[in-house]
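Hi there,

Here is the structure I promised to pass on to you. Have a look at it first, and then read on for my notes on what turned up in it.

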Amino acid sequence: MKYKTQQIAYAYFLCAMALFAVQVLGGLTIGWIYVQPNFLAETFPFHIIRMIHTNALVVWLLLGFFGAAYFMVPEESEREIWSPTLAYVQLALMMVGTLGAVAGYLVGIHEGREFLEQPLWVKLGILVAAVIFLINISMTVLAGRKTAITGVLLMGLWLLSLLWIFAFINPENLSLDKMYWWFVIHLWVEGTWELVMAAILAFLLLKLTGVDREVIEKWLYVIVATALFTGILGTGHHYFWIGLPGYWQWIGSIFGALEIIPFFLMMSFAFVMVWKGRRNHPNKAALLWSLGSATVAFFGAGVWGVLHNMHGVNFYSHGTQITAAHGHLAFYGAYVAMNLAIITYAMPLLRNREPYNQVLNMGSFWLMTGGMAFMTFTLTFAGVIQTHMQRVLGYYFMEVQDELGLFYIMRFIAGAAVVAGALLFIYAILVHRRREVVAPGRANPASATSDPIVGK
């Protein structure tokens with residue numbers, strides 16, 4: 001680690017992994033409720049657990065992005081973070097807001113809008129935290145070296161934060177409500193977050209493969225252009241049935257189908273860079289997560305998205321388990337795995353240790369990825385049956401749910417594998433240790449009792 005303030009990322013990654021554990025355990029609980037609907041019905045109703053599951057997902061991914069920025073920007077800008085104090089204030093605001101929101105959910109205080117259930121004071125706290133972050137990172141970048149990676153990262157994070165303003169708009173008209181809601185949800189996950197993902201992937205491949213920066217930057221510019229071109233108008237594939245004009249059926253179908261392009265480019269980018277690379281980097285687990293993220297994102301966000309975002313198909317499949325299959329694999333591949341990739345790369349450096357426990361770490365990758373793939377296929381088959389029985393044959397919703405019981409059992413088993421993989425990842429990163437990497441002239445590592453911080 002070259003810069004002392006990169007250590008800020010350590011605190012962010014710790015909080016992110018804590019919320020990651022909460023998120024997957026909440027998801028497993030939800031999976032069991034699908035099998036036994038009355039489980040915890042009086043204590044923690046389904047909709048409350050689902051809020052915690054989805055909100056924890058969003059917040060821990062944001063903490064991962066912020067931590068990645070605090071780790072990457074000093075190296076890219078060749079200077080320390082402008083204000084470490086502000087960075088920790090930002091983290092405190094995020095965690096207090098998260099805990100406050102969860103406490104509110106448990107007693108029934110929420111706004112009821114999916115993913116945006118947070119009370120107003122929590123939304124304001126998130127906005128303040130985002131402003132602090134943007135000022136801190138922007139001042140660091142402006143005073144230092146400018147690179148394509150920091151430029152794309154800043155663009156994604158600025159747009160992400162500005163789009164959060166639409167979370168405060170909650171009109172009475174349901175069509176307008178859903179339109180503004182998609183300004184946040186879609187333009188985050190299928191727009192600005194893609195830029196952040198591409199920047200993190202480019203940074204990791206630069207470090208892990210040794211390919212020239214100029215080559216990586218050319219790929220990065222192409223990926224960013226296609227992500228913005230397809231993602232912004234691709235929002236229209238959510239406008240089909242919410243009361244907006246009919247021309248969105250064509251715009252949404254065409255540009256929604258084109259959204260597979262940036263994910264295909266990111267997957268190709270990752271494998272071409274590894275093929276061209278000259279460096280035999282010791283952190284094989286980080287490389288596995290990087291390649292795995294790009295590949296699974298292509299299938300989850302790209303292929304499974306295209307499968308049902310054409311308006312002729314979406315008319316029948318919208319809101320079924322096919323949507324759940326796409327959502328789970330897309331989030332896991334594009335953002336969960338990419339966050340785990342940067343954590344896998346950065347944590348040995350932040351803890352001043354060699355890339356330890358790579359076998360366990362890579363085992364967690366295959367366990368989580370295998371579990372998520374099985375879950376996706378299970379939900380896809382369930383969704384096809386649900387679509388035909390409910391939307392074509394006209395069976396009642398609950399009649400169809402009774403017929404899907406076997407699929408929900410299989411989904412729960414897949415979820416258990418994902419949870420086991422997540423807990424194994426956290427153990428491999430934080431608990432089980434190997435020897436330190438010792439700088440010349442330092443004492444025997446066997447005598448070390450704490451994780452040192454390496455200065456510049």
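The largest nonpolar core in this predicted model has 136 residues, and the members that touch the most others are Leu63, Leu157, Trp188 and Trp193. The element that gives the most to this core is helix H6, residues 174-209, with 22 residues. Leaving out residues up to four places away in sequence, Trp188 touches Val58, Leu62, Leu160, Leu163, Trp164, Phe183, Trp193 and Glu194. Another core lies apart from the largest one; this other core has 6 residues, including Met389, Val400, Phe407 and Tyr408.

Gln401 sits in helix H14, which covers residues 397-403. Is Gln401 buried or exposed? With a relative accessibility of 11%, Gln401 falls below the 20% cut-off, so Gln401 counts as buried. The side chains of Gln401 and Tyr408 are joined by a polar contact of 2.6 Å. Beyond neighbours within four places in sequence, the contacts of Gln401 are Tyr34, Gln386 and Tyr408.

Helix H12 (residues 321-350) and helix H15 (residues 405-430) have axes that come within 12 Å and cross at roughly 10 degrees. Because angles under 35 degrees count as roughly parallel, H12 is roughly parallel to H15. On the H12 side, the residues that meet H15 are Gln321, Leu340, Ile343, Thr344 and Met347. Their partners in H15 are Tyr408, Arg411, Phe425, Ile429 and Leu430. Sorted by class, this contact of H12 with H15 holds 7 nonpolar, 2 polar and 1 charged residues.

Val336 has a relative accessible area of 6%, which is under 20%, so Val336 is buried. What does Val336 touch, if residues up to four places away in sequence are not counted? The list is Phe20, Leu57, Trp60, Leu61 and Phe331. Val336 and Ala297 are 39 residues apart in sequence, and their C-alpha atoms are 9.9 Å apart in space.

As general background, nonpolar side chains tend to be buried together in soluble globular proteins.

Happy browsing, and do write back with any questions.

Best wishes

Note on methods. Residues numbered from 1 in each chain as written. Predicted model: local features only at pLDDT ≥ 70, side-chain atom pairs only at ≥ 80, totals over all residues. Heavy atoms only, no water. Core = buried A, V, L, I, M, F, W, Y, C linked by side-chain atoms within 4.5 Å. Buried < 20%, exposed > 50% of the residue type's maximum accessible area, 1.4 Å probe, protein only. Helix = DSSP H or I, 4+ residues; strand = E, 2+ residues; numbered from the N terminus. Contact = heavy atoms within 4.5 Å. Polar contact = N/O pair within 3.5 Å; in protein donor to acceptor, adjacent residues only side chain to side chain. Axes fitted to C-alpha atoms, helices over the stretch in contact; angles between N-to-C directions. Parallel < 35°, antiparallel > 145°, perpendicular 65-115°, else oblique. Nonpolar A, V, L, I, M, F, W, Y, C, P; charged D, E, K, R; others polar.
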